[in-house]
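Here is a guided walk through a two-chain model. Have the viewer open beside the text, and let us go through it one part at a time.

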Amino acid sequence: MNAQAKSLVQIRDLYKRFSISGDFLDQLKFRGGKLVREQQHVHAINGVNLDVQRGEALCVVGESGCGKSTIARTVMGLLKPSAGSISYGGERIDHLSDRQILPYRRKMQMIFQNPYASLNPRMTIAQTLEEPVRFHNPKASATEVRDKVHEVMQSVGIDPSWGKRFSHEFSGGQRQRISIARALAVDPEFIVADEPISALDVSIQAQVLNLMMDAQESRNLTYLFITHDLSVVEHFGTRVAVMYLGSLCELAPTKALFATPRHPYSQALLSAIPRLEDGRPAHIRLQGEVSTPVNLPSGCVFHGRCPHANERCSREIPTLIATSEGGQVACHAVQEGRF
Amino acid sequence: MSEQIQPLDAPPSAWQRFLDSHLWHSFTKDRVAQFSLLIFAAYAIMALLAPLIAPYNPYDPAQIDILNAEMPPSWEAGSDPAFWLGTDAQGRDLWSTILYGTRVSLTIGLCAVVLQALIGIVIGLLAGYRGGRIDSLLMRFADVQLSFSTMMVAIVVLAVFQATFGTELYQELAMVMLILVIGIAEWPQYARTIRASVLAEKKKEYVDAARVIGLKAPRIMFRHILPNTLSPILVISTVQVANAIIAEASLSFLGLGMPVSEPSLGSLISSGFEYIFSGSWWITVIPGAVLISLVLVMNLLGDWLRDVLNPKLYKG
C-alpha cells in the first residue's frame, strides 16, 4: 500500500455515461403497441482505476473517442461521474459543492487543447491572468496581483508588457503559453493537460513541451497529460496509461511500455509509430472497426479486434494484474500466458 | 526555435483599435449607413435639444392660442410666417410639437428596449447557461409570450388600466405604462437570441477555464459569456427600438398612448387624422413622414450592423 500513500489523485471505478436520447418526450417510443421509455447512452468511461503519483507526469494515450478527455474533465469536476469516485490527497472531491471544492481549485488546474478557444476574446491578457489570482487571493493588493502576473508571464516566456493586448493578437504557441500561465497563476500542485500541444505547429510543440517540463521541475508539479502523440509520451511521461473504448488496457512506466508492451492493443499502438530503424517488428494491422461506445461489447472491450482473443475474452471483463516490469495490464491472454 | 522575446511596440489604444476595426472600415465604405447615421444623429440632437430649438413650448397652455388653429405650412396660401410647418387643431406650432413628440417617441423607444434587454438578457443567459429544466421552463414562457401579439397584450393591459384607474391617472402615467407594456411584451426576442449565442459560447474552452478557476455561475455568465454575445444584442437593439417606436405610435393612434396634451409622434398623427378630410393634411402627414424616416434609418442601420457583424459574411 506504499503506492497508495504516495498517490495524489485516485480514480476508483469511474464510470461516465452520456445520454443521447434527448429529453423525456423524445425517449418515449411505441414498441409492439406499447408505450415504452427507451434511453441510450454513450459509455465514455467504463470502470477506470488510476492513481496519479505525486511528482510524476502520467500520460493517458488512446485513439479518438476512447474517453481520455472525459477522464480529464471528470477529474477537474467539469463533469460529474456517473459512478465511482475521485480523491485528491486522500479526500474525496467528486461530490463536493461549488463552495466546498474551492480549496481544491487552486491546487488543481487545467490546460486546454485549443489555444484559440481557451482564452476569452473580450479580455486582455492581463485581465485573463489577474482574474484567478484575484479570485483566490481576495486580500491581495493591486501591486501583489500585478507582481504575481508578471512573474508567471515571465516564467512562460511572455513579455509582461504585452498584458494590455487581446488574445487574438497572439500566435497559437503564444496563446498556449498564456493558457499555461493562467494555470500556473494560482500556484497549483496538479495540472491536467488535455492535449495541450495537438493544436500547435510541430516546431512550437517542442517549445511548449519543454516549458511544461521546466515548470514541472521548478514548481514541483504533477501532471495528468492527455495525448494521442506517442513520441510526446516517450519524451514527457513518467508512466503511461493506454486506454481503449473507455477502459484502461495497460499502465506501465514509460520505458517499460515502449520496450515491452504487454497488452495486444498497446503492441498494435506502438507498432504504428513511424521510425527510421531497420529490423523492428512490422506494423500490426488490427482487423475491423472500433466498436461503438453505445453498445459496448461484452467481456473485454478489445476482444473483437484482438488476435489472441478466445471465448473467455468475450465473456469476462479482464481486471488489471501486475506485470514483471512494474506495470499493470488488463488482459486474459497475458494472465494465462497465451502469448 | 528561439526562446527570445521580441519587444513589441506599445499596444494600440482603444480608439486606434476602433479605427482599425472591420466595423469602421465597412462604415467608411457604406453610403447608406453613413446617411442613416447622419439622419439618426440629427434626430437624436433634435430630441435632446428640443426645448432649445423649438420656438414655442407645446406643453405650455399660455403659449397656445386656439385662434391660430389649423394654419397651413409656410409654402401654402394663408400661412403665418411665425409657424413654418403650420399649426395643429389646437393652435400649437407643429414644428415645436414634432420636436417634443420626437423626444417622447425616442424616450419611450429607448427605455422600452432597455427594459426588454434587461429582462431578456437575464432570462436568456440563465436559460442558455443552466440548460435542462430551467431552460425548458423559461423558453416555454417565451413561447407563450410570443404567441400573444405585442399589440394585443398592450391594448388589453392599457385599456383595462384606463378603465380601472380612470383617464386622468392614466394620462399622468402614460409614458411609464407604455414603456412597461412594450418592454415586458417583447423580452422573448432578446431572450431567444441571447440563449442561442450562449449555447454556442458555453461550449468554448474559456468557459471551462473560468469554471476550473472556481468562478461562480453569475460571474461566468455576465463577465465571460455576455461580452461575447454583444454583437447580436447590438443588432436586435436597433431593430427593436424602431419596433418599440412603431408600437408606441400605433397605441397612441388607437388612443391608448400618450395624451393629446403631451403628444408623441403617434398621438400627433392620430389627432390630425380627424382633420385630414377638412383639408388640414399637414397635421397628420408631416409627423407621419418624420416617424417613417426615423424608423427607416434605424432599420437601415440595423441591417448594416447585422451584415457587418455576421460571422458568416465576415470572420474576425
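How many residues of chain B are in contact with chain A? This is a predicted model, and in it 20 residues of chain B touch 27 residues of chain A. On the chain B side, the largest share comes from helix 9, residues 205–213, which supplies seven residues. Sorted by class, that side of chain B has eleven nonpolar, three polar and six charged residues.

Now step back to chain B as a whole. Chain B has 13 helices and zero strands. Its C-alpha atoms fill a box of roughly 85 × 50 × 30 Å along the principal axes. Of the 316 residues in chain B, 42% are buried. Looking at contacts within chain B between residues at least 6 apart in sequence, 69% join residues at least 24 apart.

Helix 8 of chain B packs against helix 11 (residues 230–253) of chain B at an angle of about 165°, and their axes are 10 Å apart. Angles over 145 degrees count as roughly antiparallel, and therefore helix 8 and helix 11 of chain B are roughly antiparallel to each other. Their crossing is right-handed. Helix 8 of chain B brings B:Gln189, B:Tyr190, B:Thr193, B:Ile194 and B:Ser197 to the contact, while helix 11 of chain B brings B:Pro232, B:Ile233, B:Ile236 and B:Gln240. By class, this contact of helix 8 with helix 11 of chain B has five nonpolar, four polar and no charged residues.

Let us move over to chain A. Here, eight strands form an open sheet in the order 8-9-10-5-11-12-14-13, with mixed pairing. Strand 8 and strand 13 (321–322) of chain A each have a single partner strand and stand at the edges, so one side of each is left without a neighbour in the sheet.

As one example, A:Val60 has A:Ile226 in strand 10 of chain A as its bridge partner. Helix 3 (residues 68–75) of chain A packs on the sheet, touching strand 5, strand 9 (190–194), strand 10 and strand 11 (239–244) of chain A. The direction of helix 3 makes about 145° with that of strand 10 of chain A.

Finally, find A:Asn220, in the loop between helix 8 (202–219) and strand 10 (222–226) of chain A. Is A:Asn220 buried or exposed? A:Asn220 counts as exposed, because it has 10 C-beta neighbours inside 10 Å, and the cut-off for exposed is 12 or fewer. A:Asn220 and A:Arg54 are 166 residues apart in sequence, with their C-alpha atoms 8.9 Å apart in space.

Notes:
Residues are numbered from 1 along each chain as its sequence is written. Chains are lettered from A and ligands numbered from 1 in the order in which they are written. This is a predicted model: local features need pLDDT of at least 70, side-chain atom pairs count only at pLDDT 80 or more; totals for chains, interfaces and linings use all residues. Two residues are in contact if their C-beta atoms, placed from the backbone, lie within 7 Å. Helices (H or I, at least four residues) and strands (E, at least two) are DSSP runs, numbered from the N terminus. Ala, Val, Leu, Ile, Met, Phe, Trp, Tyr, Cys and Pro count as nonpolar, Asp, Glu, Lys and Arg as charged, and the others, Gly among them, as polar. A residue is buried if 20 or more other C-beta atoms lie within 10 Å of its own, exposed if 12 or fewer, and partly exposed in between; C-beta atoms are placed from the backbone. Two strands pair if DSSP finds at least two bridges between them. Axes are lines fitted to C-alpha atoms, for helices over the stretch in contact, and angles run from 0 to 180 degrees between N-to-C directions. Angles under 35 degrees count as roughly parallel, over 145 as roughly antiparallel, 65 to 115 as roughly perpendicular and the rest as oblique. A crossing is left-handed if the near helix is turned anticlockwise from the far one by less than a right angle, and right-handed if clockwise.
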